[in-house]
Amino acid sequence: MKKIIGMVLIIMLITGCSKHESEEAPLSLVKVTHPTPSLIQSDHRDDDAELLQSIEKDVEDYKELYDAAIVKNKDQILVAYKVKHLQRFHMKKIEKKLKDSLEKDYPDVEFIVSSDFKIFLEVVELHEKMKSPEFDVKKAEKKFNNIVELQKELT
Amino acid sequence: MSGQNKKTPDQEKYQQLEQKHETKRPVLKNCIRAFWVGGLFCVVGQALTYFYIYFFNFTEQTASNPTVATMIFIAMLLTGFGVYDRIGQFAGAGSAVPVTGFGNAVISAAIEHRTEGFVLGVGSNMFKLAGSVLLFGVFSAFIIALIKTILVYMGVI
């Protein structure tokens with residue numbers, strides 16, 4: 001009986017902590033999500049949408065990677081990707097290679113690339129939140145900036 | 001002195017007799033036990049890392065700090081309840097090598113010297129074993145950092 005109560009308490013504690021309202025984001029650990037790239041603020045939406053699609057294609061062409069989440073705000077593009085398990089030994093090298101090639105191909109934008117799973121998770125969540133009309137540009141921009149700050153954190 | 005290595009016939013006979021009756025050390029069995037119990041600790045650690053990534057604002061890079069702290073804390077509690085001793089007896093190196101072994105070393109020394117008082121007993125003996133882990137850990141980290149700094153300075157990496 002004690003064990004059952006203990007288990008129920010633990011499950012309640014864990015589910016109570018849950019801050020993810022979306023359905024897709026928590027599953028992105030176990031499956032490939034291929035989220036559509038999204039735009040937060042842009043002066044030329046059509047051109048930028050095309051640009052994002054071509055970047056997504058470029059990123060997913062890398063044989064070391066298998067999933068990419070991309071979001072653009074003004075001149076910044078955040079690229080979060082997942083690295084294949086055995087390629088994780090070369091994570092730093094892959095990051096440098098990807099960033100260098102993206103910066104060479106698209107010199108007008110600033111790239112922030114990350115292989116961190118948390119960043120991927122947050123970008124997928126941002127994509128999902130942006131689908132609802134209540135989530136306006138200001139909120140999206142704030143979340144974007146939070147993700148960028150989180151990506152810079154080292155300790 | 002070479003004379004010490006030579007054994008008398010009686011001694012050799014005794015050694016053969018001893019070897020016949022000695023219980024063989026089950027090296028392979030111990031290795032397998034250490035492997036899967038140690039691996040199990042790592043699975044728990046990985047699960048904790050994902051827990052911190054999912055439910056708190058930790059990235060893959062920063063989540064290792066709270067994970068290590070939690071694992072050590074759990075090992076300390078288990079040592080206090082007497083569970084970790086049993087795991088240690090079963091798994092050997094599998095329970096000593098992961099970071100949880102550090103928590104166990106601290107608390108078991110504290111429990112052992114509790115009767116000698118808090119200052120001269122617990123206080124001075126708590127890091128009896130863990131102290132060497134800290135010392136050589138810090139020292140080797142220093143050496144590695146030094147080598148890296150030199151290599152970076154030389155432009156190798």
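In this predicted model, the largest nonpolar core comprises 32 residues, and those with the most contacts inside it are Ala69(A), Ile70(A), Leu78(A), Val79(A), Ala80(A), Phe120(A) and Val123(A). At least two residues of this core are supplied by each of helix H3 (45-60), strand S2 (65-73), strand S3 (76-83), helix H4 (91-105), helix H5 (117-131) and helix H6 (137-152) of chain A, and likewise by helix H2 (27-55) of chain B. The largest share, seven residues, comes from H5(A). Apart from this core lies another one of six residues, among them Phe102(B), Val106(B), Ile107(B) and Ala130(B). In soluble globular proteins, nonpolar side chains tend to be buried together.

The surroundings of Ile70(A), one of the residues with the most contacts inside the largest core, can be listed in detail. When residues up to four places away in sequence are not counted, Ile70(A) touches Pro37(A), Leu52(A), Ile55(A), Glu56(A), Ile77(A) and Val79(A).

The secondary structure of chain A consists of six helices and four strands, and along the sequence these elements follow the pattern α-α-β-α-β-β-α-β-α-α. Of the 155 residues of chain A, 27% count as buried. Among the contacts in chain A with a separation of 6 or more, 62% are accounted for by residues 24 or more positions apart.

The four strands of chain A form an open sheet in the order S1-S2-S3-S4, with mixed pairing. The edge strands are S1 and S4 of chain A, each of which pairs on one side only. Between S2(A) and S3(A) the pairing is antiparallel and extends over eight bridges, and within it Ala69(A) has Ala80(A) as its bridge partner in S3(A), while Asp67(A) stands opposite Lys82(A), also in S3(A). Both members of the pair Ala69(A) and Ala80(A) are listed among the residues with the most contacts inside the largest core. Together with H4(A), the strands S3(A) and S4(A) make a right-handed β-α-β unit. Because six of its eight residues are buried, S3(A) is largely enclosed by the rest of the structure. In a regular strand the side chains alternate between the two faces of the sheet.

Two residues of chain A other than glycine adopt positive phi values. The hairpin formed by S2(A) and S3(A) has two residues between the strands, and Lys74(A) in the turn has a positive phi of about 50 degrees. Lys74(A) counts as partly exposed, with 14 C-beta neighbours inside 10 Å. For His34(A), phi is near 45 degrees, again a positive value in a residue other than glycine. This residue is found in the loop between helix H2 (24-27) and strand S1 (38-39) of chain A, and His34(A) is exposed, since 12 other C-beta atoms lie within 10 Å and the category extends to 12 or fewer.

The contact between the chains takes 13 residues from chain A and 10 residues from chain B. On the side of chain B that touches chain A, five residues are nonpolar, four are polar and one is charged.

For chain B, an unreviewed UniProt entry lists residues 34-55, 67-84, 91-111 and 131-156 under "transmembrane region". In the model, the span of residues 91-111 of chain B is 81% helix and 0% strand, with its end C-alpha atoms 21 Å apart. The span of residues 131-156 of chain B is 92% helix and 0% strand, and its end C-alpha atoms lie 35 Å apart.

Within helix H3 (residues 64-81) of chain B is found Thr79(B), which has 22 C-beta neighbours inside 10 Å and therefore counts as buried. Leaving aside neighbours within four places in sequence, Thr79(B) is in contact with Tyr84(B), Gly103(B), Asn104(B), Ile107(B) and Ser108(B); of these, Ile107(B) is listed among the residues of the six-residue core. Thr79(B) and Val106(B) are 27 residues apart in sequence, while their C-alpha atoms are 9.5 Å apart in space.

Methods: Residues numbered from 1 in each chain as written. Chains lettered and ligands numbered in written order. Predicted model: local features only at pLDDT ≥ 70, side-chain atom pairs only at ≥ 80, totals over all residues. Core = buried A, V, L, I, M, F, W, Y, C linked by C-beta atoms within 7 Å. Buried ≥ 20, exposed ≤ 12 C-beta atoms within 10 Å, placed from the backbone. Contact = placed C-beta atoms within 7 Å. Nonpolar A, V, L, I, M, F, W, Y, C, P; charged D, E, K, R; others polar. UniProt positions renumbered as here; feature names shortened; annotations may be inferred. Right-handed = clockwise from strand over helix to strand, strands pointing away. Pairing = 2+ DSSP bridges.
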